[in-house]
Amino acid sequence: MQLKQLANISMALAAASCAALGQQAEAGTLLDDWQFNSAILLYNETDRVSAGEAILTARGDFGDDKYLNLGLVVDALTGASATGAVAQPYVQSFTRPSGRGSYDVAPGVTPLDDTFHDTRVQLDASWEQPLATNWRASGGGHLSKEYDYLSMGLNGSLARDFNQKNTTVSLGLGYSHDTISPEGGIATAFAPMLLRSDYADDSSYQAAFDATRDRADDTKDTLDVLLGLTQVINRNWLMQLNYSLSMADGYMTDPFKLVSVVNANGEVQQNLYENRPDQRTKHSVYWQNKLHLGGSYLDASYRYMWDDWELTSHTADLKWRLPMTDRWYVEPQFRYYQQSAAEFYQPFILQAEPLPQYVSADYRIGKMNTYTVGAKFGTKLAQGNELSFRIALYQQNPQNDRVAAPGVLANVELYEKVTAVMAQVSYSF
Amino acid sequence: MKLKKILGAGLTLLLLSQLTACSTLGVKPWQRDTLAKEEMALNSAPLDNRLDDHIYFSKEGSSGGRSFAGGGCGCN
């Protein structure tokens with residue numbers, strides 16, 4: 001059996017290479033056992049980050065309900081990312097996280113680090129098969145590499161069908177080990193951001209900069225547990241309920257984020273590198289419904305998440321697929337998300353107050369709501385191939401969580417909205 | 001007061017009707033025509049979900065739910 005699978009893989013690879021060379025693939029029938037999905041996404045925030053992401057996945061049918069799933073993801077990010085520092089009514093200078101070079105931020109403008117760029121490649125694979133009557137199992141792994149980040153993980157799941165396959169209970173486990181090695185090393189907690197202009201020469205600046213760094217890299221381990229219940233309600237209604245637990249241990253500070261220390265008049269005295277707890281336990285309950293309504297298909301889900309950083313969130317997601325003609329469909333999509341702030345989130349630190357143990361001014365863990373409005377258009381092509389286009393607008397609205405802005409901070413925008421546009425093309429063959 | 005009682009009775013009836021419905025949850029194997037359609041799969045657009053999860057993971061304070069919350073990216 002093993003040999004047969006190996007033979008299948010090698011013949012499929014041979015067929016793929018023949019196709020790549022423009023030759024007629026004689027083993028074409030074997031390729032029929034493989035389903036390929038591909039997509040390209042462009043993501044563009046106004047004046048901030050732009051990203052491009054390409055995915056190719058392959059699912060091989062090895063008979064007897066056995067499948068091999070392979071995935072390749074490549075993405076590239078570039079643009080400007082909010083540093084966490086506050087805007088001021090005058091020009092501010094910042095040193096890049098690497099310690100080399102600086103940039104200025106205009107009066108009244110939210111500080112953004114415009115040298116943010118990265119490329120990521122991810123590979124993943126999984127195998128799934130039945131174990132016994134009504135039992136299925138899967139196991140897999142992933143490897144993801146960025147310039148300054150490496151993630152490796154393993155996962156497995158077990159599912160049992162009951163009640164003529166109308167009820168399925170599943171248990172999934174995942175473990176991942178991540179290593180971050182930012183350029184310039186990792187700053188000590190609350191290390192000040194130094195400015196070259198405050199030093200007489202390069203060597204004295206470099207010595208002072210090096211003193212703010214205490215290690216080149218750090219790690220994070222995450223253990224995920226997922227309990228799932230899937231239930232067929234009736235001929236037109238399928239429901240899923242998941243509980244997930246995610247326990248992370250290690251470095252979770254963002255090595256590029258700052259928090260401003262301001263005086264009673266709101267003027268920045270110093271910018272410090274943020275510091276987050278090194279443990280986080282997240283829980284979530286996810287409820288999904290798939291409904292067939294008079295020829296259309298509704299996908300409605302809700303997620304409630306809570307964690308020991310005291311961040312809680314509600315997410316509602318709706319996708320409604322409406323057939324337009326025999327071949328074309330349109331699918332309006334809407335998502336609403338709302339989160340409370342993590343307990344250590346502060347938009348700035350008051351100089352007069354003692355330094356807390358943990359602080360982050362990263363708006364992504366502050367009080368915020370976001371919404372996404374979009375539409376997908378798809379068509380079935382010959383031989384079951386499918387082509388689709390998706391476009392969406394993503395709006396982030398950070399909120400003030402009852403923080404009084406002293407002095408000059410009252411006249412600058414501390415909770416800037418972010419708007420992004422996403423465009424995606426997918427092709428399945 | 002009367003309204004409360006009527007509402008209470010209505011709610012009890014509704015809950016009871018749901019309980020009896022539980023015994024008839026599900027379908028027979030030959031009634032799976034619609035459920036078997038690709039559009040009815042829980043993860044009917046796996047690539048869309050994967051791309052969305054990646055974006056929201058890197059832009060918001062929550063992750064996971066549908067699948068693992070996991071690590072895997074240092075994206076900002």
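**A helix of chain B**

Task: Which residues of α2(B) are buried?

Solution: The buried residues of α2(B) are L47(B), D48(B), R50(B), L51(B), D52(B), H54(B), I55(B) and K59(B). Here a residue is buried if 20 or more other C-beta atoms lie within 10 Å of its own, exposed if 12 or fewer, and partly exposed in between, with C-beta atoms placed from the backbone. Keep in mind that this is a predicted model, in which local features need pLDDT of at least 70 and side-chain atom pairs count only at pLDDT 80 or more, while totals for chains, interfaces and linings use all residues. Residues are numbered from 1 along each chain as its sequence is written, and chains are lettered from A and ligands numbered from 1 in the order in which they are written.

Next, look at the helix itself. Helices (H or I, at least four residues) and strands (E, at least two) are DSSP runs, numbered from the N terminus. Helix α2 of chain B covers residues 46-59, 14 residues in total. From first C-alpha to last it reaches 20 Å, close to the 20 Å expected at 1.5 Å a residue; the expected span is 1.5 Å times one less than the number of residues.

Finally, see what lies over the buried residues of α2(B): the cover includes β1 (34-45), β2 (50-61), β22 (386-398) and β23 (418-428) of chain A.

**Where the chains meet**

Task: How many residues of chain B are in contact with chain A?

Solution: Start with the rule that two residues are in contact if their C-beta atoms, placed from the backbone, lie within 7 Å. By this rule, 32 residues of chain B meet 66 residues of chain A. Now sort the chain B side by class: 14 residues are nonpolar, twelve polar and six charged. (Ala, Val, Leu, Ile, Met, Phe, Trp, Tyr, Cys and Pro count as nonpolar, Asp, Glu, Lys and Arg as charged, and the others, Gly among them, as polar.) For the complex, the predictor gives an ipTM of 0.89 and a pTM of 0.88.

**Confidence**

Task: What is the mean pLDDT of chain A, and what is the average for chain B?

Solution: pLDDT is the predictor's confidence in each residue, from 0 to 100. Chain A has a mean of 92, with 93% of its residues at 70 or more. Chain B averages 78, and 59% of its residues score at least 70. Take care at residues 1-27 of chain A, where pLDDT stays under 50.

Task: How many bridges join β8(A) to β9(A)?

Solution: First, get an overview: chain A has three helices and 23 strands. Two strands pair if DSSP finds at least two bridges between them. Strand β8 (residues 149-162) and strand β9 (residues 167-180) of chain A run antiparallel and are joined by 14 bridges. Within this pair, R160(A) stands opposite V169(A). Four residues lie between the two strands of the hairpin, where N163(A) takes a positive phi near 50°. Then move on: β9(A) also pairs with β12 (residues 218-234) of chain A, in the antiparallel sense over 14 bridges, and T168(A) stands opposite T230(A) there.

Task: Where does D47(A) lie?

Solution: D47(A) sits in the loop between β1 and β2 of chain A. Its phi is near 65°, positive although the residue is not glycine. Most residues other than glycine have a negative phi. Because D47(A) has 14 C-beta neighbours inside 10 Å, it counts as partly exposed. Compare D64(A), in the loop between β2 and β3 (67-82) of chain A, with a positive phi of about 50°. With 8 other C-beta atoms within 10 Å, D64(A) is exposed.

Solution: A nonpolar core is a set of buried Ala, Val, Leu, Ile, Met, Phe, Trp, Tyr and Cys residues joined through C-beta atoms within 7 Å. The largest has 18 residues, of which V86(A), L258(A), V259(A), V262(A) and F348(A) touch the most other members. Strands β10 (186-187), β14 and β15 of chain A each supply at least two residues, and β14(A) gives the largest share, four residues.

Now place β14(A) in its sheet. Three strands form an open, mixed sheet in the order β15-β14-β20 of chain A, with β15 (268-273) and β20 (349-350) at the edges. Two bridges join β14 (residues 258-262) to β20(A), and these strands run parallel; V261(A) has I349(A) as its bridge partner.
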